[in-house]
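Subject: Structure for your reading

Dear colleague,

Please find below the structure that I am handing over to you. My findings follow it, and I would ask you to read them with the structure open.

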Amino acid sequence: MADHYLHLTSTAPGRFLTRRLGLPQPQRLRRWTLENPTLVGPLLHLTAGESAISDMLSAILAKIGPQATEQTGHPAGIVLDATGITTATGLGKVHAALHPVVRSLAAGGRVVVFGTPPSPDDHHQAAAQQALEGFVRSLGKEIGKGATAQLLRIPPGAAASAESTLRFLLSPRSAYISGQVIELTDAAPDPVADWAAPLSGRTALVTGAARGIGASVASVLARDGATVICLDVPRAEEELARTAARLGATALPLDVTAPDAADLIAAAAPEGLDILVHNAGITRDRRLANMPAERWASVIEVNLDSVLRTTDALLKAGAVNRGGRIVATASIAGIAGNNGQTNYAASKAGIIGLVRSLAPHAAADHGVTVNAVAPGFIETKMTAAVPLLIREAGRRMNSLSQGGLPVDVAETTAWFAQPASSAVNGQIVRVCGQSLLGA
Ligand code: NAD
């Protein structure tokens with residue numbers, strides 16, 4: 001369903017009129033294309049206070065794009081290293097560093113603030129580092145022009161593990177992500193031979209891949225070099241076959257709730273899976289008072305229970321290779337709740353619980369990471385069915401004043417899936433344009 005308002009505000013008269021009326025001004029986002037693979041413009045590298053990672057950060061940024069340490073024209077990205085801020089008064093250095101330059105950020109630009117995890121033993125350090133979260137979330141809301149702001153926390157000494165995440169955040173691939181806090185572990189990144197095809201040699205399986213977000217995930221993983229297996233329900237077999245054929249992927253018609261689903265998935269990837277994306281999901285909305293038990297049960301079964309069962313069975317059978325990546329699909333409904341969606345929101349909040357709990361164990365026992373995307377309003381058949389007024393509210397009630405596209409979720413999944421993303425584990429990343437719901 002086309003976003004006519006976004007189209008209107010892309011025209012001069014439309015922009016004039018909507019500005020006069022004080023209406024939202026969405027900026028058309030620049031997403032990744034072959035012709036548009038990187039941000040355009042220098043990356044401004046700033047430091048607030050003492051930093052132990054300055055050289056490492058410089059070395060990574062030098063690989064990503066043209067770097068500047070002083071303001072020159074309109075930077076495409078501003079990276080502020082605030083890892084050395086350990087006191088409340090030290091926060092003044094964050095203001096001093098960004099205040100003079102933030103206005104010059106290019107349209108569609110990126111701000112990435114580096115911090116460290118708040119300490120459980122030093123409440124002054126914890127206060128200062130936690131303060132960065134409120135700072136970044138507010139900056140994301142006020143920065144405008146399609147620009148975004150994130151906080152990236154790295155443990156001391158682990159800056160080298162940030163490369164895949166910085167490459168993602170400082171690129172058009174993260175266009176619809178803002179106001180996020182991402183905390184890395186100190187796991188060493190697996191090497192990447194070719195950043196243009198980081199998933200080559202990897203086998204990926206995506207559930208619910210016949211259409212919508214799942215088809216886009218399959219497409220982006222294939223673009224990044226993975227061999228892809230697309231799974232969807234047998235009744236969607238024709239659409240599934242078309243999607244798989246278009247991507248040079250294999251089709252696996254299978255209901256994820258089937259008792260033998262894990263066995264059939266393992267059999268479809270005899271060399272083991274490197275990437276497992278649990279994307280299949282359904283809604284069966286009703287207010288709780290009107291919700292029959294079947295509607296409750298089917299949503300929990302597809303969205304949560306089948307994910308738990310197949311994940312457990314595949315890990316236990318050793319069917320996910322070491323260095324593997326599991327990506328589950330939550331939703332902002334699982335964070336904010338939603339009228340008429342007690343079943344759906346419960347299932348998606350359950351995914352968040354699963355990811356947080358399993359991630360450290362999966363890494364320690366199997367060398368596998370577990371993360372989740374939490375999409376906000378994404379333009380798909382699911383959201384096209386939402387009544388017009390609620391759909392318009394969903395589109396506008398975020399810092400970027402527009403809905404996301406399936407590819408935004410897919411790009412996030414591809415970043416989680418990268419070999420170099422070993423340190424990205426147990427994260428729930430919202431792909432929602434910084435939705436005001438659950439903010
Ligand atoms: P969609 O309805 O367009 O696609 C879902 C796919 O999953 C369909 O192809 C469907 O056949 C498949 N599927 C459903 N049950 C299955 C089962 N039992 N076994 C195998 N396949 C099954 O939905 P979408 O919008 O692309 O959503 C994809 C995921 O993203 C879902 O988990 C959804 O909850 C989540 N999500 C979507 C949005 C959004 O705005 N579209 C927002 C938040 C979360």
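Into which domains is the protein divided? There is a domain 1, which covers residues 39-183, and a domain 2, which covers residues 203-431. Please keep in mind that this is a predicted model, and that the values in this message were computed from it.

**How the domains meet**

The centres of domain 1 and domain 2, taken over C-alpha atoms, are 29 Å apart. Domain 1 brings 17 residues to the contact, and domain 2 brings 24 residues.

The size of an interface is often expressed as the accessible area that is lost when the parts come together. For domain 1 and domain 2 the buried area is about 1600 Å², and 57% of it lies on carbon and sulfur atoms. On the side of domain 1, the residues that lose the most area to domain 2 are S164, R173 and Y176; together they account for 43% of what that side buries.

R173 also takes part in a salt bridge. Its partner is D224, and the closest N and O atoms of the pair are 3.6 Å apart. Between the two domains the count is 2 salt bridges.

Which elements supply the side of domain 1 that touches domain 2? Helix 5 (123-142), helix 6 (163-169) and strand 6 (180-183) each give at least two residues to that side. Strand 6 provides the largest share, with 4 residues. Sorted by class, this side of domain 1 holds 7 nonpolar, 7 polar and 3 charged residues.

**Two residues with positive phi**

Most residues other than glycine have a negative phi. K145 is not a glycine, yet its phi is positive, near 55°. This residue lies in the loop between helix 5 and strand 5 (148-153). S401 is likewise not a glycine and has a positive phi of about 55°. The loop that holds S401 runs between helix 14 (388-396) and helix 15 (406-417).

Is each of these residues buried, partly exposed or exposed? K145 counts as partly exposed because its relative accessible area is 40%, which lies between the limits of 20% and 50%. S401 has a relative accessible area of 11%, which is under 20%, and therefore S401 counts as buried.

Yours sincerely,
A colleague

Key:
Residues are numbered from 1 along each chain as its sequence is written. This is a predicted model: local features need pLDDT of at least 70, side-chain atom pairs count only at pLDDT 80 or more; totals for chains, interfaces and linings use all residues. Side-chain values use heavy atoms; hydrogens and water are left out. Domain bounds come from an automatic or database domain assignment. Contact means heavy atoms within 4.5 Å. Buried area is the accessible area (1.4 Å probe) that two parts lose on being put together, summed over both. A salt bridge is a side-chain nitrogen of Lys or Arg within 4 Å of a carboxyl oxygen of Asp or Glu. Ala, Val, Leu, Ile, Met, Phe, Trp, Tyr, Cys and Pro count as nonpolar, Asp, Glu, Lys and Arg as charged, and the others, Gly among them, as polar. Buried means under 20% relative accessible area, exposed over 50%, partly exposed in between (1.4 Å probe, protein chains only).
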